[in-house]
Amino acid sequence: MPVYRDADGNIVEEKTDMSSGKTGPTSKDGELPPAPTSDSRQAIGKGRLDAPTRKMRESRLASSAGDEKTRLVGSRRKQADRDRLQEQADKTDAMDDPVVGWLVIIQGPGKGRALKLGYGANSIGRGETNRISLNFGDDQISRDQHTTVTYDPRGRKFYVQQGSGTNLTYLDDAPVLTPTELSVRNDITMGNTVIRFVPFCGEDFDWQSTEND
(Lines give C-alpha, C1' and ligand atoms only; values in the text may rest on other atoms or scores of the structure.)
Protein backbone atom coordinates (compact mmCIF):
# COMPACT_ATOMS: atom_id res chain seq x y z
CA MET A 1 0.00 0.00 0.00
CA PRO A 2 1.30 3.54 -0.80
CA VAL A 3 3.44 5.27 1.81
CA TYR A 4 4.46 8.95 1.94
CA ARG A 5 5.24 11.74 4.39
CA ASP A 6 2.70 14.37 5.30
CA ALA A 7 3.42 18.10 5.59
CA ASP A 8 4.75 17.59 9.15
CA GLY A 9 7.17 14.89 8.10
CA ASN A 10 5.16 11.97 9.54
CA ILE A 11 5.12 8.66 7.70
CA VAL A 12 1.63 7.95 6.34
CA GLU A 13 0.34 4.90 4.50
CA GLU A 14 -2.78 4.48 2.43
CA LYS A 15 -5.34 2.07 3.96
CA THR A 16 -8.83 1.11 2.88
CA ASP A 17 -11.68 1.88 5.30
CA MET A 18 -13.51 -1.46 5.41
CA SER A 19 -16.77 0.19 6.53
CA SER A 20 -16.94 2.74 3.75
CA GLY A 21 -14.70 1.13 1.18
CA LYS A 22 -12.73 4.38 0.89
CA THR A 23 -9.00 4.55 0.73
CA GLY A 24 -7.09 7.18 2.60
CA PRO A 25 -3.95 7.85 4.62
CA THR A 26 -3.76 6.34 8.07
CA SER A 27 -1.41 7.43 10.85
CA LYS A 28 0.29 5.16 13.39
CA ASP A 29 -2.74 5.35 15.77
CA GLY A 30 -5.15 4.28 13.04
CA GLU A 31 -6.84 7.64 12.65
CA LEU A 32 -7.28 9.06 9.21
CA PRO A 33 -5.34 12.32 8.99
CA PRO A 34 -6.35 15.06 6.58
CA ALA A 35 -5.66 14.29 2.98
CA PRO A 36 -2.36 15.79 1.83
CA THR A 37 -2.65 19.13 0.11
CA SER A 38 -0.96 20.02 -3.17
CA ASP A 39 1.58 22.09 -1.20
CA SER A 40 2.48 19.18 1.05
CA ARG A 41 2.77 16.81 -1.93
CA GLN A 42 4.98 19.36 -3.68
CA ALA A 43 7.18 19.59 -0.61
CA ILE A 44 7.35 15.81 -0.43
CA GLY A 45 8.15 15.62 -4.15
CA LYS A 46 11.06 18.00 -3.65
CA GLY A 47 12.25 15.72 -0.87
CA ARG A 48 13.00 16.49 2.75
CA LEU A 49 16.52 15.49 3.69
CA ASP A 50 17.23 14.19 7.14
CA ALA A 51 19.94 15.98 9.16
CA PRO A 52 22.88 13.64 8.36
CA THR A 53 22.14 13.70 4.62
CA ARG A 54 21.74 17.48 4.65
CA LYS A 55 25.05 17.93 6.48
CA MET A 56 26.80 15.58 4.06
CA ARG A 57 25.50 17.53 1.07
CA GLU A 58 26.45 20.86 2.62
CA SER A 59 29.92 19.45 3.39
CA ARG A 60 30.36 18.33 -0.23
CA LEU A 61 29.29 21.73 -1.54
CA ALA A 62 31.69 23.47 0.82
CA SER A 63 34.51 21.10 -0.14
CA SER A 64 33.86 21.70 -3.84
CA ALA A 65 33.93 25.44 -3.33
CA GLY A 66 37.15 25.14 -1.30
CA ASP A 67 38.85 23.05 -3.98
CA GLU A 68 37.91 25.58 -6.65
CA LYS A 69 39.25 28.41 -4.50
CA THR A 70 42.50 26.50 -3.92
CA ARG A 71 42.93 25.92 -7.64
CA LEU A 72 42.35 29.59 -8.40
CA VAL A 73 44.81 30.73 -5.72
CA GLY A 74 47.43 28.18 -6.84
CA SER A 75 47.05 29.24 -10.47
CA ARG A 76 47.44 32.91 -9.55
CA ARG A 77 50.55 32.18 -7.48
CA LYS A 78 52.16 30.23 -10.34
CA GLN A 79 51.44 33.05 -12.77
CA ALA A 80 52.85 35.58 -10.29
CA ASP A 81 56.02 33.47 -9.93
CA ARG A 82 56.42 33.29 -13.71
CA ASP A 83 55.92 37.04 -14.04
CA ARG A 84 58.48 37.70 -11.30
CA LEU A 85 61.07 35.42 -12.93
CA GLN A 86 60.49 37.06 -16.30
CA GLU A 87 60.85 40.49 -14.73
CA GLN A 88 64.12 39.46 -13.11
CA ALA A 89 65.38 38.07 -16.42
CA ASP A 90 64.47 41.31 -18.19
CA LYS A 91 66.45 43.32 -15.62
CA THR A 92 69.52 41.05 -15.78
CA ASP A 93 72.37 42.41 -17.83
CA ALA A 94 73.36 39.71 -20.33
CA MET A 95 76.93 40.99 -20.17
CA ASP A 96 77.17 39.81 -16.57
CA ASP A 97 77.68 36.34 -18.05
CA PRO A 98 77.95 36.58 -21.85
CA VAL A 99 77.89 33.49 -24.02
CA VAL A 100 81.30 32.41 -25.36
CA GLY A 101 80.21 29.17 -27.01
CA TRP A 102 77.89 26.20 -26.84
CA LEU A 103 77.84 22.49 -26.23
CA VAL A 104 75.22 20.82 -28.44
CA ILE A 105 73.97 17.34 -27.55
CA ILE A 106 74.11 15.26 -30.73
CA GLN A 107 73.63 11.79 -29.22
CA GLY A 108 71.94 10.38 -26.12
CA PRO A 109 69.27 11.79 -23.78
CA GLY A 110 68.64 15.47 -24.41
CA LYS A 111 69.61 15.24 -28.07
CA GLY A 112 69.14 18.58 -29.82
CA ARG A 113 69.70 20.71 -26.68
CA ALA A 114 72.27 23.52 -26.69
CA LEU A 115 74.09 24.40 -23.44
CA LYS A 116 75.68 27.82 -23.02
CA LEU A 117 79.36 28.22 -22.11
CA GLY A 118 80.56 31.24 -20.13
CA TYR A 119 83.86 32.82 -19.14
CA GLY A 120 86.20 30.74 -17.00
CA ALA A 121 85.49 27.18 -15.84
CA ASN A 122 82.22 25.51 -16.81
CA SER A 123 81.66 22.45 -14.63
CA ILE A 124 79.40 19.82 -16.22
CA GLY A 125 77.41 17.15 -14.37
CA ARG A 126 73.89 15.92 -13.58
CA GLY A 127 73.57 17.95 -10.38
CA GLU A 128 72.02 21.42 -10.26
CA THR A 129 75.12 22.79 -8.53
CA ASN A 130 77.11 22.49 -11.76
CA ARG A 131 77.37 25.51 -13.99
CA ILE A 132 76.05 23.32 -16.80
CA SER A 133 73.47 20.78 -15.62
CA LEU A 134 73.43 17.82 -17.99
CA ASN A 135 70.51 16.03 -16.37
CA PHE A 136 68.48 14.49 -19.18
CA GLY A 137 68.41 10.86 -18.01
CA ASP A 138 71.97 9.61 -18.59
CA ASP A 139 72.94 8.17 -15.19
CA GLN A 140 76.44 7.37 -16.46
CA ILE A 141 77.27 11.05 -16.11
CA SER A 142 78.60 11.95 -12.67
CA ARG A 143 76.37 14.10 -10.52
CA ASP A 144 79.12 16.58 -9.62
CA GLN A 145 81.73 17.88 -12.04
CA HIS A 146 82.05 14.99 -14.46
CA THR A 147 83.92 17.27 -16.85
CA THR A 148 85.04 20.90 -17.01
CA VAL A 149 85.21 23.04 -20.15
CA THR A 150 87.19 26.23 -19.60
CA TYR A 151 87.40 29.39 -21.69
CA ASP A 152 90.54 31.49 -21.19
CA PRO A 153 89.76 35.07 -22.30
CA ARG A 154 93.41 36.09 -22.32
CA GLY A 155 94.52 33.35 -24.64
CA ARG A 156 91.03 33.13 -26.26
CA LYS A 157 91.18 29.37 -26.15
CA PHE A 158 88.98 26.56 -24.82
CA TYR A 159 90.12 23.54 -22.84
CA VAL A 160 88.46 20.34 -21.62
CA GLN A 161 89.64 18.39 -18.60
CA GLN A 162 88.55 15.47 -16.48
CA GLY A 163 86.45 16.42 -13.46
CA SER A 164 86.39 15.00 -9.97
CA GLY A 165 84.14 12.05 -10.85
CA THR A 166 85.38 8.52 -11.47
CA ASN A 167 83.73 8.17 -14.91
CA LEU A 168 85.99 9.13 -17.79
CA THR A 169 85.52 11.81 -20.42
CA TYR A 170 86.48 11.20 -24.05
CA LEU A 171 87.51 13.74 -26.68
CA ASP A 172 86.94 12.30 -30.15
CA ASP A 173 87.19 8.76 -28.69
CA ALA A 174 90.44 9.47 -26.78
CA PRO A 175 90.29 9.65 -22.96
CA VAL A 176 90.90 13.08 -21.47
CA LEU A 177 93.70 12.54 -18.95
CA THR A 178 95.13 16.08 -18.90
CA PRO A 179 93.69 19.50 -19.85
CA THR A 180 93.36 19.43 -23.63
CA GLU A 181 92.70 22.31 -26.02
CA LEU A 182 89.41 22.15 -27.90
CA SER A 183 88.99 22.75 -31.60
CA VAL A 184 85.85 23.68 -33.52
CA ARG A 185 83.30 20.83 -33.69
CA ASN A 186 85.23 18.49 -31.38
CA ASP A 187 82.98 15.79 -29.88
CA ILE A 188 83.02 15.23 -26.11
CA THR A 189 81.62 11.94 -24.77
CA MET A 190 80.35 11.48 -21.22
CA GLY A 191 78.53 8.25 -20.42
CA ASN A 192 76.08 7.63 -23.25
CA THR A 193 75.95 11.30 -24.22
CA VAL A 194 77.93 12.95 -27.01
CA ILE A 195 78.13 16.75 -27.14
CA ARG A 196 79.66 18.84 -29.91
CA PHE A 197 81.77 21.92 -29.13
CA VAL A 198 80.73 25.10 -31.00
CA PRO A 199 82.80 28.19 -30.07
CA PHE A 200 81.63 31.78 -30.40
CA CYS A 201 84.57 33.66 -28.91
CA GLY A 202 88.11 32.96 -30.10
CA GLU A 203 90.99 34.50 -31.99
CA ASP A 204 88.75 36.76 -34.06
CA PHE A 205 86.38 37.93 -31.31
CA ASP A 206 86.04 38.32 -27.56
CA TRP A 207 83.58 40.32 -25.47
CA GLN A 208 86.39 41.86 -23.42
CA SER A 209 88.26 43.15 -26.43
CA THR A 210 88.54 46.95 -26.44
CA GLU A 211 87.80 46.88 -30.16
CA ASN A 212 84.23 45.77 -29.38
CA ASP A 213 83.47 48.26 -26.57
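Biologist: Which residues are linked in a network of salt bridges?
Modeller: Asp97, Lys116 and Arg131. This is a predicted model, and the count comes to three salt bridges.

Biologist: How far apart are the atoms in the Lys116 and Asp97 salt bridge?
Modeller: N to O is 3.7 Å for Lys116 and Asp97. That pair links distant parts of the chain, with Lys116 in strand β5 and Asp97 in the loop between α2 and β4, 19 residues apart.

Biologist: And what about Arg131 with Asp97?
Modeller: The closest N and O atoms of Arg131 and Asp97 are 3.0 Å apart. Arg131 sits in the loop between β6 and β7, 34 residues from Asp97.

Biologist: Is Asp97 buried, exposed or partly exposed?
Modeller: Asp97 counts as partly exposed because its relative accessibility is 31%. Lys116 is partly exposed at 41%, and Arg131 is partly exposed at 37%.

Biologist: Which residue forms a salt bridge with Asp187?
Modeller: Arg196, with the closest N and O atoms 2.7 Å apart. Asp187 counts as buried, at 18% relative accessibility, while Arg196 is at 23% and counts as partly exposed.

Biologist: Why does Asp187 count as buried?
Modeller: Because its 18% falls under the 20% cut-off for buried.

Biologist: Change of topic. How much space lies in the largest pocket?
Modeller: About 170 Å³. Its lining includes Arg156, Lys157, Phe158, Phe197 and Glu203.

Biologist: Which strands each supply at least two residues of that lining?
Modeller: β9 (157-162) and β14 (193-199). By class, the lining of the largest pocket has six nonpolar, two polar and four charged residues.

Biologist: How many cavities of 30 Å³ or more does the count come to?
Modeller: One, and the space in the largest cavity is about 30 Å³. Ile105, Pro109, Leu134, Phe136, Asp138, Ile141 and Thr193 line the largest cavity. That lining divides into five nonpolar, one polar and one charged residues.

Biologist: Where does Asp206 lie?
Modeller: In the segment after β14. Asp206 is buried, with a relative accessible area of 2%. The C-alpha atoms of Asp206 and Val100 are separated by 7.9 Å, and the two residues are 106 apart along the chain.

Biologist: Last one. Which residues make the nonpolar surface patch?
Modeller: Leu168, Tyr170 and Leu177 make the patch, about 290 Å² in area. Tyr170 lies in strand β10 (residues 169-171) and counts as partly exposed, at 31% relative accessibility.

Key:
Residues are numbered from 1 along each chain as its sequence is written. This is a predicted model: local features need pLDDT of at least 70, side-chain atom pairs count only at pLDDT 80 or more; totals for chains, interfaces and linings use all residues. Side-chain values use heavy atoms; hydrogens and water are left out. Patches are made of residues with over 30% relative accessible area and no salt bridge: like charges are joined within 9 Å, nonpolar side chains (Val, Leu, Ile, Met, Phe, Trp, Tyr) within 5 Å. Accessible areas come from the Shrake-Rupley method with a 1.4 Å probe; for residues, only the protein chains shown count as cover. A salt bridge is a side-chain nitrogen of Lys or Arg within 4 Å of a carboxyl oxygen of Asp or Glu. Helices (H or I, at least four residues) and strands (E, at least two) are DSSP runs, numbered from the N terminus. Buried means under 20% relative accessible area, exposed over 50%, partly exposed in between (1.4 Å probe, protein chains only). On a 1 Å grid over the protein atoms alone, a cavity is a set of points where a 1.4 Å probe fits but cannot get out, and a pocket is an open set with protein on both sides within 12 Å along at least five of seven lines; lining residues have an atom within 4 Å of a point. Grid points are joined across faces, edges and corners, and a volume is the space filled by probe spheres set on the points. Ala, Val, Leu, Ile, Met, Phe, Trp, Tyr, Cys and Pro count as nonpolar, Asp, Glu, Lys and Arg as charged, and the others, Gly among them, as polar.
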